[in-house]
Amino acid sequence: MVWLGHFNYWIVIFLMMAGFYTVIARGNLIKKIVGLNIFQTSVFLLYITMGKVKGGTAPIVPEGGGEGLAYSNPIPHVLILTAIVVGVATTSLGLALIVRIREAYGTIEEDEIQEIEDKSS
Amino acid sequence: MIAAHLPALLIAIPLIAAPVCLLLGRGGLAWAWSTLVSWLVFGLSWLMLQKTLISGPFNYELGGWEAPFGIEYQVDTLNAFILLIVAAIGAVVMPYARASVNREVPAHKHTLFYTAYLLCLTGLLGITITGDAFNVFVFLEISSLSSYAMIALGRDPKALTASFQYLIMGTIGATFILIGIGLMYQMTGTLNMADLAKRLPAVEDTRPVMAAFAFFIIGVSLKLALFPLHMWLPNAYAYAPSVVTAFLAATATKVSVYVLYRFVFTVFGQSFSFDVIPLEPILLVLSLAGIFVASAVAIFQTNVKRLLAWSSVAQIGYIMLGVSLITVAGLTASILHIFNHAVMKGALFLAMGAVYYQVGSVQISDLNGIAKKMPYTMFAFVIAGLGLIGVPLTGGFISKWYLITAVLERGWWPVAVLVLLSSLLAVFYVWRVVEAAYFKAGDNDDVEVREAPLSMLVPLYVLTAASVWFGIDTSLPLKASTEAARQLMGIGG
Amino acid sequence: MRHHLILRVVTKLLIPLIMLFALYVQFHGDFGPGGGFQAGVIFGSAFIVYALVFGLENAEKVIPSGYLMALLSAGLLLYAGVGFAAMYRGGNFLDYGVLAGDFIAGQHLGILLVELGVGITVCAAMIVIFFAFAGRGESNDDAEEDDDFPSPEVNSSSKSGEA
């Protein structure tokens, strides 16, 4: 049952598509940001999954030396930490923009904003 | 000692200048500081280009960790040239910014504006100089986030929605790039670009590598506004403050083109990119479509900044057309056009910023008869516009000439004819602005409109003069472009 | 205020513990999950909990925004400063090995300072973001904020008179 062993990757694909669909198909700006977050989370899962070594433990040398110890690859975790920070910054910037858009236009639905913009230009 | 640490200094100086700028409080001081830093960075990038042209490519290991374990900065001619372009545009635009930002950005946000500008400069320089794939993503996001913030500072409320749309599309692009990098790491175990280039051929036929390439190219194409993925660009450039538009139009997409060069030619290699994956016809069709569609849409715009933004999409089409030729000549033309377009578009957007400063609007109808009141500004606009069309004696002519000869070298006559036809479209949209400015009678009930202040005219003329100078004496850009193209294709020096 | 008595008492008990935990996470990043970013967020959340329970004005008295901007810059300056110090002492940028006597002590010192810088900046950034969002909806006395962007309806009426 190889496909059950790839369970993580199926979750990655599911989340990626769900997030991407939400970004494209939803008109509410906050839903777009949420979709973006889900999309980014799926990428984090992809990285962490690739870092796991079967039977591996944390990459820290224990008391008495660590000869012959299998450890999970720490580099994907480091990359994901950076990517999470980037995701947080993007989310906060997006939400700040939504607050300003709400103050300027009175609505956060994309089609209503488009209407107001077309009328005023 | 400076020479040995040039790459690190180039990134570290604007990076450390940004929090200092935040502490500086008043807007005037922040402007002076960021101008100083921009000029310093320009000087450093000039030194680095000279060093590369004389002694060839060199590396710099961050943190003393040797590659491929640590992050290394790798500088060759292509890098150094693009760095010079970014730093030069920054250095020219900053003196202009004082008056323009005073007019267009609310006073209490000036310090934050200049801080965001310094961070954007750091990000763009970092993308260009690094030799580590994940580092590209980090600096890409640094520059993108600060761009979103700067664009949202425009006066028009549409700047907010434009910035939001850019944020959504840009983040999707960056996440695709992240997926691509992750899959590449998974298959080779390294993130260093030179090491990736060595290890990828062994795993070339596997699906993850092809998927990685696909994700990466789509993500980068989103960032560089290749034809169907360009929707964020017109609004973002039209409604941002003029300084921001001039700076981003000349640098942000060009740096993304550099990332494409680096990964397609150096990391993945020509044989994979063009033989295993049919990148050549895809790029060819998309770039031609982009040139024609964007030029056509530009003709019908009423907002001059939006017109110039659509023109930028078309110019990106020319640059990508050069890439799809896969010859040294094609790449040379492509890199040359990066340089000339940065200079010309920078000048055009600076001219429009000056017009906005005096008139308060950039609608074509509001520009009637403006040439009598702002002769110098509109003259610069005409000269840069002639470069955009490709009139001889301008830089634009040189890059179009090289592009057409490269196309003919490949034997694609129809494509050469199409390139010439598209220059006609450029004539139309430049003419619309010139006609309104010079030949239509102005409304005389305007507020007293004078010529733009000297602090705006001087940078504008520096760029306009550069666009003419490099049309006559092409030695520096041509030499750098040819050298860079040869290194990318792996031939000769 | 009597309604929120339980919340206030429990919050006052918890905030020092949250801060202590944040410091633990900060300095144990070498040996377990932790490091600058996580610690910064936890430390910032202590201030945010305070702001949620005791009100924004009280929170802004605890940590005025001038200090926040200074902290924001200080963290990044510390990080870049470590890099420059390493260059000054003869290594490459951010080469921690040359910072102290021997290589290992230098690496320890370097990572410690760098993560501290990250923690300070992230903490200040979280608090600044929260204050910016929370301070927005309250008073519309910030008249200058509203004048910057007249809404499009106002724009269109003034433009239609002209065009």
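How are H2(B) and H4(B) oriented to each other, roughly parallel or roughly antiparallel?

## Helices H2 and H4 of chain B

H2(B) and H4(B) are roughly parallel to each other (angles under 35 degrees count as roughly parallel, over 145 as roughly antiparallel, 65 to 115 as roughly perpendicular and the rest as oblique). The axes of H2(B), residues 27-55, and H4(B), residues 110-129, come within 8 Å and cross at roughly 15°. Axes here are lines fitted to C-alpha atoms, for helices over the stretch in contact, and angles run from 0 to 180 degrees between N-to-C directions. The crossing of H2(B) and H4(B) is left-handed, a term for a near helix turned anticlockwise from the far one by less than a right angle, with right-handed for clockwise.

On the side of H2(B), the contact involves Gly27(B), Ala30(B), Trp31(B), Ser34(B), Val37(B), Ser38(B) and Val41(B). These meet His110(B), Thr111(B), Tyr114(B), Tyr117(B), Leu118(B) and Leu121(B) in H4(B). Two residues are in contact if their C-beta atoms, placed from the backbone, lie within 7 Å. Eight residues of this contact are nonpolar, five are polar and none is charged (Ala, Val, Leu, Ile, Met, Phe, Trp, Tyr, Cys and Pro count as nonpolar, Asp, Glu, Lys and Arg as charged, and the others, Gly among them, as polar).

## Basis of the model

This is a predicted model, in which local features need pLDDT of at least 70 and side-chain atom pairs count only at pLDDT 80 or more, while totals for chains, interfaces and linings use all residues. Residues are numbered from 1 along each chain as its sequence is written, and chains are lettered from A and ligands numbered from 1 in the order in which they are written.

## Helices H5 and H10 of chain B

The axes of H5(B), residues 133-151, and H10(B), residues 242-267, come within 12 Å and cross at roughly 160°. H5(B) and H10(B) are therefore roughly antiparallel to each other. Their crossing is left-handed.

H5(B) contributes Val136(B), Ser143(B), Ser147(B), Met150(B) and Ile151(B) to the contact, and H10(B) contributes Val244(B), Leu248(B), Ala252(B) and Val259(B). Seven of these residues are nonpolar, two are polar and none is charged.

## Chain B as a whole

Chain B has 20 helices and two strands (helices, H or I, at least four residues, and strands, E, at least two, are DSSP runs numbered from the N terminus). Its radius of gyration is 21 Å, close to the 23 Å that the globule rule gives for 493 residues, so chain B is as compact as a globular protein of that length. The radius is taken over C-alpha atoms, and the rule is 2.2 Å times the number of residues to the power 0.38.

Of the 493 residues in chain B, 64% are buried. A residue is buried if 20 or more other C-beta atoms lie within 10 Å of its own, exposed if 12 or fewer, and partly exposed in between, with C-beta atoms placed from the backbone.

## Chain A against chain B

In this interface, 25 residues of chain A are in contact with 22 residues of chain B. The largest share of chain A's side, 13 residues, comes from H4(A). That side divides into 18 nonpolar, four polar and three charged residues.

## Chain C and Met87

Chain C has seven helices and zero strands. Buried residues make up 32% of its 163 residues.

Met87(C) is found in helix H4 of chain C, residues 65-88. With 20 C-beta neighbours inside 10 Å, Met87(C) counts as buried. Leaving aside neighbours within four places in sequence, Met87(C) is in contact with His5(B), Ala8(B), Asn92(C) and Phe93(C).
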